[in-house]
Amino acid sequence: MSRTISISLRHQLGQPVAMERIRALSDQIKTKYADRVTVKWELQSEYSLDFGIEVLKQTITGGIEVERNVVVTVVQLPFMLSLLSRRVKVLLEQHIQKALQLT
């Protein structure tokens, strides 16, 4: 059985800056883990993107919505990776939080 992870993180950046940070994070992940994962993302609207990550012959799908004060991420883990859902959630929260920090 697959598992859904939902993460909502508040920010004070405004939508355009937050979205740019999320795009940059997507590019960083794509580059950093290029030898282990395949990352594809597609912009659905100005502040929304869908993504797919292939790792260990499993595909993780999800979407990110950047709202005025919050970034909402929903991830669908296939059964084999759902066993790692807590760890995946913590890692996602850490990466997104770091990307949304005021500098």
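Trainee: Which element gives the most to the lining of the second largest pocket?
Mentor: This is a predicted model: local features need pLDDT of at least 70 and side-chain atom pairs 80 or more, while totals for chains, interfaces and linings use all residues. Residues are numbered from 1 along each chain, and side-chain values use heavy atoms, without hydrogens or water. Elements are DSSP runs numbered from the N terminus: helices (H or I, at least four residues) and strands (E, at least two). With six residues, the most comes from H1.

Trainee: Which elements give two or more residues to the lining of the second largest pocket?
Mentor: The lining holds five nonpolar, four polar and three charged residues. Ala, Val, Leu, Ile, Met, Phe, Trp, Tyr, Cys and Pro count as nonpolar, Asp, Glu, Lys and Arg as charged, the others as polar. Of the twelve lining residues, Leu25, Gln28, His95, Lys98 and Ala99 are closest to the centre of the second largest pocket. The elements are H1 and H3.

Trainee: Which residues are closest to the centre of the largest pocket?
Mentor: The largest pocket has a volume of about 730 Å³. Of the 25 residues lining the largest pocket, the closest to its centre are Ile29, Ile53, Ile60, Val88 and Leu92.

Trainee: Which element gives the largest share of the lining of the largest pocket?
Mentor: The lining of the largest pocket divides into 21 nonpolar, two polar and two charged residues. The largest share is six residues, and they come from H3.

Trainee: Thr73: buried or exposed?
Mentor: Thr73 sits in strand E5 (residues 70-77). Its C-alpha is 5.7 Å from that of Ser6, 67 residues apart along the chain. Buried means under 20% relative accessible area, exposed over 50%, partly exposed in between (1.4 Å probe, protein chains only). At 2%, Thr73 is buried.

Trainee: And Met80: buried or exposed?
Mentor: Met80 lies in helix H2 (residues 79-82). Its relative accessible area is 51%, so Met80 is exposed.

Conventions:
On a 1 Å grid over the protein atoms alone, a cavity is a set of points where a 1.4 Å probe fits but cannot get out, and a pocket is an open set with protein on both sides within 12 Å along at least five of seven lines; lining residues have an atom within 4 Å of a point. Grid points are joined across faces, edges and corners, and a volume is the space filled by probe spheres set on the points.
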